Amino acid sequence: MADRAPIGVGVIGCGSVSRKYIPHLLRLNVPRPRVDIRLLCDVDPDRKAEVAARYAIDRFSTDPEAVFADPAIDLVLVLTSMPEHGHLARAALEAGKHVLVEKPMAMTVEEAAHLVELAGRSPGFLLPAPHVVLSPTYQAMWRRLHRGDVGTVRTARGFYGWAGPDWGQWFYKPGGGPMFDLGVYNVTTLTGLLGPAKRIVALSGVAIPERVVDGEMTKVETDDNAQLLLDFGDARYAVVTTGFTIQKYRVPGIELYGSDGTIQMIGDDWAPKGYELWQNKAGCWQIFEDTSGWPWTDGIRHLVECVETGTPPHITPEHAFHVLEIMTKSMESGRTGRALDIESTFTLPRFEGADLLGTGAERDHAPGSAE
Ligand SMILES: NC(=O)c1ccc[n+]([C@@H]2O[C@H](COP(=O)([O-])OP(=O)(O)OC[C@H]3O[C@@H](n4cnc5c(N)ncnc54)[C@H](O)[C@@H]3O)[C@@H](O)[C@H]2O)c1
């Protein structure tokens, strides 16, 4: 691998999220060059001066076609507003590139199904965000569950919300909204840990009809508040709470209640900080901290590694497709009031091995005892 030429990279979309991915790409070049950022692209020409000042990169285009047409570009990041993801990821795959696409990979299940099919026959890997399954916390929790450390999980919860962005009008138009932007993390984590969901029902609607975005009063045209129920079969249920309706919270991002114990993630699943474990047989809470500082942009490190080694990514388009079917049906269920079957399924790579995030610190379960 040492004598491999750096992977040529093109970045499409140079807004807020690119300010996390581009520095991550640059960090991959220490201690040896692994990526070469060949071209930055944004339809907004004003981004050119911004990225030149920020990264000293002046190779810029307002036309995504320039990225797809460049034979020196092996890997494309699609970091645009959500409605653009599907067609840009598709064009990049058709051009033979490896693709990291921010979430969700497409707006509709039809568009996503085409991407999954295309990824199956194209030379490039397709890695859709979010990258939660790569985090040490997620993988340690996965191992706990699959070792049977809390028994059979029958009740679970995911939570992620905030007051909502005051930039990007598209967040509040069809194709935006908190389920696609935030709930996507919870749905990915819960289905990754518990397996494919079989049925969903949701309450989903517009709670705040107007708000100020980019300095302008904006009409909210997509659901901004949702409670989603997931049925995993055999009366095993999970709930996902998400919305641009939440100011602050102090609850775990993920809670899993098993027949012999409980696991709660510490922090959010997009930036987990470990987990707390209750086992009836131990009779106390144990805390397993994740001090790795795992970044939510980690998918780019993983994809670069996969391209270098020719190994398929741990994140699969089939899982992202399943998550998209759940999210789109959540909005449909909110409109119709009906429970809806989930037709897609997926298998995930197994995270065998011993890493459970250290040995854990025992804590008496009396409230406030040993924080
Ligand atoms: N902002 C965050 O903290 C965050 C975190 C994780 C994931 N995301 C996801 O990342 C994506 C981007 O979010 P953001 O906050 O960076 O949005 P943003 O609005 O700040 O940036 C998006 C950029 O994409 C450009 N763009 C739009 N269509 C384009 C096209 N066809 N070709 C080239 N450029 C195009 C826009 O001009 C804009 O500069 C979204 O899917 C979002 O859900 C955002």
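The structure holds one cavity of 30 Å³ or more; on a 1 Å grid over the protein atoms alone, a cavity is a set of points where a 1.4 Å probe fits but cannot get out. Before you go looking, know that this is a predicted model, in which local features need pLDDT of at least 70, side-chain atom pairs count only at pLDDT 80 or more, and totals for chains, interfaces and linings use all residues. Residues are numbered from 1 along each chain as its sequence is written, and side-chain values use heavy atoms, with hydrogens and water left out.

**Stop 1: colour by confidence.** pLDDT is the predictor's confidence in each residue, from 0 to 100. The chain has a mean of 94, and 96% of its residues reach 70 or more. Now select 364-371, where pLDDT stays under 50.

**Stop 2: the domains.** Colour 7-131 + 297-314 as domain 1 and 132-294 + 325-341 as domain 2; these bounds come from an automatic or database domain assignment. Their centres, taken over C-alpha atoms, are 26 Å apart. At the meeting place, 14 residues of domain 1 are in contact with 20 residues of domain 2 (contact means heavy atoms within 4.5 Å).

Stop 3: A lining residue has an atom within 4 Å of a point.

**Stop 4: the pocket.** A pocket is an open set of points with protein on both sides within 12 Å along at least five of seven lines. The largest pocket holds about 1100 Å³ of space. Pick out Ser-16, Val-17, Trp-167, Trp-170 and Phe-171, the closest to its centre among 40 lining residues. Then show α1 (18-27), α3 (64-69), α4 (85-94), β7 (153-161) and α7 (178-194), the elements that each give two or more residues to the lining. (Helices, H or I with at least four residues, and strands, E with at least two, are DSSP runs numbered from the N terminus.) Which domains line the largest pocket? Domain 1 and domain 2 both do, so the largest pocket lies between them.

Key:
Grid points are joined across faces, edges and corners, and a volume is the space filled by probe spheres set on the points.
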